[in-house]
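Subject: the structure you asked for

Hi,

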Amino acid sequence: MIIACPHCDTLNRVPDERLTQQPTCGKCKLSVFTAAPIELTSANFANHANKSDLPLVVDFWASWCGPCKSFAPVFSAAAKTWEPQFRFGKINTEEQQALAAQFNIRSIPTLMIFKQGKILAQQAGALPQSALNLWLKSHS
């Protein structure tokens with residue numbers, strides 16, 4: 001499985017049987033899994049969404065958005081629970097306007113699941129933990 005490093009964005013080949021054994025990046029030597037959402041930008045998005053074999057769950061958010069702020073701990077908890085089945089990332093729509101426009105984000109928070117460059121699922125609005133878990137389970 002090809003997985004992008006959350007620290008340096010380098011692509012790493014990790015055998016499926018090693019996914020749960022704390023694999024490290026061949027370049028920066030840090031853990032490939034952090035159990036926390038990573039910050040996605042136009043510079044690192046392609047490696048995580050298009051080139052990695054790991055499904056990427058993205059939270060499109062903004063700092064002024066109340067529902068986004070209340071959803072952040074739910075999203076972080078999901079990252080702890082669901083890695084290494086999914087990678088979790090956040091896109092600040094104010095700082096990454098080109099990415100927000102590319103995916104036609106009209107309301108926030110918006111969640112999307114990407115797998116090898118394709119959008120597998122999309123969900124507008126903040127979800128409670130139980131609903132987020134059900135949504136992720138239906139796409140795992």
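Let's start with a proline: in which loop is Pro84 found? Pro84 sits in the loop that runs between helix 2 (66-82) and strand 5 (87-92). Keep in mind throughout that this is a predicted model.

Glu83 and Pro84 are joined by a cis peptide bond, with omega at about 10°. There is also a cis peptide bond between Ile108 and Pro109, where omega is about -5°. Pro109 belongs to the loop between helix 3 (97-102) and strand 6 (110-115).

Two glutamines are worth a look as well. Gln22 has a phi near 50°, which is a positive value in a residue other than glycine. You'll find Gln22 in the loop between strand 2 (11-13) and strand 3 (38-39), and with a relative accessible area of 57% it is exposed. Gln116 also has a positive phi, near 50°, and is not a glycine either. Gln116 is in the loop between strand 6 and strand 7 (118-124), and its 42% relative accessibility makes it partly exposed.

**The sheet and what packs on it**

What is the strand order of the open sheet? Its 5 strands come in the order 3-5-4-6-7, and the pairing is mixed. Strand 3 and strand 7 are the edges, each pairing on one side only. Strand 3 and strand 5 run parallel and are joined by 2 bridges; Ile38, for one, has Gly89 in strand 5 as its bridge partner.

Helix 2 packs on this sheet, where it touches strand 4, strand 5 and strand 6, and its direction makes about 155° with that of strand 5. Helix 4 packs on the sheet too, touching strand 4, strand 5, strand 6 and strand 7. The direction of helix 4 makes about 25° with that of strand 6.

**Helix 4, two faces**

Which residues of helix 4 (residues 129-138) are buried? They are Leu132, Trp135 and Leu136. Looking down the axis of helix 4, these buried residues fall within an arc of 95°, so they line one face of the helix. The general rule behind this kind of pattern is that an α-helix has 3.6 residues a turn, so residues three or four places apart point the same way. On the face turned away from the buried side of helix 4 are the exposed residues Ser130, Leu134, Lys137 and Ser138. As for partners, the buried residues of helix 4 pack against strand 4 (56-61), helix 2, strand 5, strand 6 and strand 7.

**Cysteines**

The disulfide is formed by Cys65 and Cys68, whose sulfur atoms are 2.5 Å apart. The torsion about the S-S bond of Cys65 and Cys68 is about 80°, so this disulfide is right-handed. Both ends are out of the way: Cys65 is buried, at 3% relative accessible area, and Cys68 is buried, at 2%.

Cys5, on the other hand, is in no disulfide; the nearest cysteine sulfur belongs to Cys28 and is 3.6 Å away. Cys5 is buried as well, with a relative accessible area of 0%. Cys8 is partly exposed, with a relative accessible area of 26%.

**Aromatics**

Last topic: rings. The whole structure holds 8 aromatic pairs. One of them is Phe75 with Phe88, an edge-to-face pair at 5.3 Å centre to centre and 75° between the planes. This pair links distant parts of the chain, with Phe75 in helix 2 and Phe88 in strand 5, 13 residues apart. Phe75 and Phe88 are both buried.

How do the rings of Trp82 and Phe86 meet? Their centres are 5.7 Å apart and their planes are at 65°, so this pair is edge-to-face. Trp82 and Phe86 are buried too. Ring pairs tie Phe71, Phe75, Trp82, Phe86 and Phe88 together into a cluster.

Cheers

Terms used:
Residues are numbered from 1 along each chain as its sequence is written. This is a predicted model: local features need pLDDT of at least 70, side-chain atom pairs count only at pLDDT 80 or more; totals for chains, interfaces and linings use all residues. Side-chain values use heavy atoms; hydrogens and water are left out. Helices (H or I, at least four residues) and strands (E, at least two) are DSSP runs, numbered from the N terminus. Buried means under 20% relative accessible area, exposed over 50%, partly exposed in between (1.4 Å probe, protein chains only). The arc is that of the directions from the helix axis to the C-beta atoms. Contact means heavy atoms within 4.5 Å. Two strands pair if DSSP finds at least two bridges between them. Axes are lines fitted to C-alpha atoms, for helices over the stretch in contact, and angles run from 0 to 180 degrees between N-to-C directions. A disulfide is a pair of cysteine sulfur atoms within 2.5 Å. Rings of Phe, Tyr and Trp (its six-membered ring) pair if their centres lie within 6.5 Å; planes under 30 degrees apart count as stacked, over 60 as edge-to-face and the rest as tilted.
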